[in-house]
Amino acid sequence: MPNIKIDLEAALTGPGPVVVELGCGNKAKPFSADGRIGIDLVDLPNVDVVANLEAGLAFLPNASVDIVYARSLFEHINNFDNLLTEIIRVLKSDGVCRLMVPHFSNPYHYSDPTHVRFFGLYNFYYYSQEKLQLKRKVPTFYTESRLEITSLKLRFRSPFKGRKWWKRLHEKLFNLSPWMQEFYEENLCYLFPCYGIAIEFRPDRANFKGRD
Ligand SMILES: C[S@@+](CC[C@H](N)C(=O)[O-])C[C@H]1O[C@@H](n2cnc3c(N)ncnc32)[C@H](O)[C@@H]1O
């Protein structure tokens, strides 16, 4: 059972946008400071809802959220399909979800024993109509949940100072176009590893069926 520590009803019906941060961790600010509802498995300071996201978001109604953030969370989640479907369910039709996930070529991410999955360009396109996909198509018959990717950028980072300009160069070059992103992942990613992928999506309006 989730442990809800704020007045969730008031947060969902207030005048401002409803913003939720999944897997907010220990850098979350208080809800009163930034208006974000912080959700995490661990009862850390400023976590507003202590919940296991493997079980979904049953405490949030359909089409109730304007923005969902989830940074460095999905690599910890076994039940990927359930959580993604739940995010699509709780987003308003004009709501957005912003994610950061590790790319499969990032060697550092393999060191973390709590990571259960890695990401490439196509994971989220399995939830996207074929006409909205990249040049390489992926099947959509595994799920009925649909989203529309509005932005996808490969991110290059290094913890070592002198290498930052080099990573910035990769980021510019390999994000020049979707064609370049696909060429990079197919042919170059093990030579020039990618740190992660920043993705923004919204629910696919064609499949929204008047939920809000
Ligand atoms: C790598 S940290 C990222 C924290 C924060 N988003 C950031 O970018 O600094 C991953 C967070 O996800 C949370 N988490 C992992 N599995 C979870 C689950 N099943 N349900 C809820 N939170 C989970 C962890 O407790 C942790 O706070």
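Biologist: How many helices and strands does the protein have?

Modeller: Helices (H or I, at least four residues) and strands (E, at least two) are DSSP runs, numbered from the N terminus. Here there are five helices and eight strands. Along the sequence they run β-α-β-α-β-β-β-α-β-β-α-α-β. The radius of gyration is 18 Å, close to the 17 Å from the globule rule for 212 residues, so the protein is as compact as a globular protein of that length. That radius is taken over C-alpha atoms, and the rule is 2.2 Å times the number of residues to the power 0.38.

Biologist: What kind of model is this, and how are residues numbered?

Modeller: This is a predicted model: local features need pLDDT of at least 70, side-chain atom pairs count only at pLDDT 80 or more, and totals for chains, interfaces and linings use all residues. Residues are numbered from 1 along each chain as its sequence is written.

Biologist: What box do the C-alpha atoms fill?

Modeller: Taken along the principal axes, the box is roughly 50 × 40 × 30 Å.

Biologist: How do the strands pair, and in what order do they lie in the sheet?

Modeller: Two strands pair if DSSP finds at least two bridges between them. The eight strands form an open sheet with mixed pairing, in the order E1-E4-E3-E2-E5-E6-E8-E7. Strand E1 (3-4) and E7 are the edge strands, each pairing on one side only.

Biologist: Which strands pair with E8?

Modeller: Take strand E6 (residues 91-102) and strand E8 (residues 196-203): their pairing is antiparallel, over six bridges. Arg98 stands opposite Glu200 in E8. Leu99 has Ile199 of E8 as its bridge partner. E7 and E8 are also antiparallel, over eight bridges. There, Glu148 has Arg202 of E8 as its bridge partner.

Biologist: What share of the residues is buried?

Modeller: Count neighbours first. A residue is buried if 20 or more other C-beta atoms lie within 10 Å of its own, exposed if 12 or fewer, and partly exposed in between; C-beta atoms are placed from the backbone. Buried residues are 29% of the 212 residues.

Biologist: Which residues of helix H5 are buried?

Modeller: In H5 (residues 178-187), Gln181, Tyr184 and Glu185 are buried. They span an arc of only 90° around the axis, which puts them on the same side of H5. The arc is that of the directions from the helix axis to the C-beta atoms. The face turned away from this buried side carries the exposed residues Trp179, Glu186 and Asn187.

Biologist: What covers the buried residues of H5?

Modeller: Contacts tell us. Two residues are in contact if their C-beta atoms, placed from the backbone, lie within 7 Å. The cover of H5 includes strand E7 (147-155) and helix H4 (164-174). Now look at helix H3 (residues 80-90). Its buried residues are Leu83, Leu84, Glu86, Ile87, Ile88 and Val90. Their cover includes E5, E6, E7 and E8.

Biologist: What share of the contacts links residues 24 or more positions apart?

Modeller: Among contacts with a separation of 6 or more, residues 24 or more positions apart account for 62%.

Biologist: Which residues have a positive phi without being glycine?

Modeller: Most residues other than glycine have a negative phi. Asn46 has a positive phi of about 70° although it is not a glycine. Asn46 sits in the loop between strand E3 (36-40) and strand E4 (49-50). With 19 C-beta neighbours inside 10 Å, Asn46 counts as partly exposed. Ala63 is not a glycine either, yet its phi is positive, about 45°. Ala63 lies in the loop between E4 and strand E5 (65-71). Ala63 is partly exposed, with 18 other C-beta atoms within 10 Å.

Biologist: Where is Lys29, and what is it in contact with?

Modeller: Lys29 is in the loop between strand E2 (19-22) and helix H2 (31-34). Leaving aside neighbours within four places in sequence, Lys29 is in contact with Asp34 and Asn46.

Biologist: Which residues come nearest to the ligand?

Modeller: A residue is near a molecule if its C-beta atom, placed from the backbone, lies within 6 Å of it. Of the 15 residues around the ligand, Gly23, Gly25, Leu41, Leu53 and His76 come nearest. By class, the shell has six nonpolar, five polar and four charged residues. Ala, Val, Leu, Ile, Met, Phe, Trp, Tyr, Cys and Pro count as nonpolar, Asp, Glu, Lys and Arg as charged, and the others, Gly among them, as polar.
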